[in-house]
Amino acid sequence: MKGILTICLLVISNSFMTLAWYGHLKFAEWKWTSKLGLISIILISWGIALFEYIFQVPANRMGYNGNGGPFSLLQLKVIQEVITLVVFVGFTLLVFKTETFRINHIISFVLLIGAVYFLFKK
């Protein structure tokens, strides 16, 4: 159960992270944000990133086997990176609609799945 909850919290965390890191590129299309300066955009992104940490820190604390969770530190990091890439691709395809999903992306995901497999292999 801790493993599933950890992964769910990491998905939520990475959703906020992606929005904070790349959402401002889409914000420029919105009328009320088009006149904001860089400092304002940075502060808005920091505000969004706060929620990333609100979910990421508990996920890592709960998931880490040193705290009774099911994952080693390396496993947590690889899981987080795979989630980051999956969330980012979904965000890019749904929000920006300027990217196309191609065969090289599929191959990349297969290799990521392989990385996770080998990391968890005893």
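**A working chat on this predicted model**

Q: Leaving aside neighbours within four places in sequence, what is A59 in contact with?
A: With those neighbours set aside, A59 is in contact with T6, L9 and L10. Contact here means heavy atoms within 4.5 Å.

Q: And what are we looking at, an experiment or a prediction?
A: This is a predicted model, where local features need pLDDT of at least 70 and side-chain atom pairs count only at pLDDT 80 or more, while totals for chains, interfaces and linings use all residues. Numbering starts from 1 along each chain as its sequence is written, and side-chain values use heavy atoms, with hydrogens and water left out.

Q: OK, which residues make up the largest nonpolar core?
A: There are eight: L9, L10, A59, F71, L76, I79, I83 and V87. A nonpolar core is a set of buried Ala, Val, Leu, Ile, Met, Phe, Trp, Tyr and Cys residues joined through side-chain atoms within 4.5 Å. Buried means under 20% relative accessible area, exposed over 50%, and partly exposed in between (1.4 Å probe, protein chains only).

Q: Which helix gives the most to this core?
A: That's α3, with four residues. Both α1 (2-27) and α3 supply at least two residues each.

Q: How many helices and strands are there in the chain?
A: Four helices and zero strands. Helices (H or I, at least four residues) and strands (E, at least two) are DSSP runs, numbered from the N terminus.

Q: Back to α3, then. T84 lies there, so is T84 buried or exposed, and why?
A: T84 is buried because its relative accessible area is 14%. The helix itself spans residues 73-96.

Q: What does the T84 side chain make a polar contact with?
A: The side chain of N14, at 2.4 Å. A polar contact is a pair of N or O atoms within 3.5 Å; within protein, one must be able to donate a hydrogen and the other to accept it, and residues adjacent in sequence count only if both atoms are side-chain atoms. Neighbours within four places aside, T84 is in contact with N14 and M17.

Q: New topic: how much of the chain counts as buried?
A: 28% of the 122 residues.

Q: What about I107: where does I107 lie, and is that residue buried or partly exposed?
A: I107 lies in helix α4, and counts as partly exposed because its relative accessibility is 47%.
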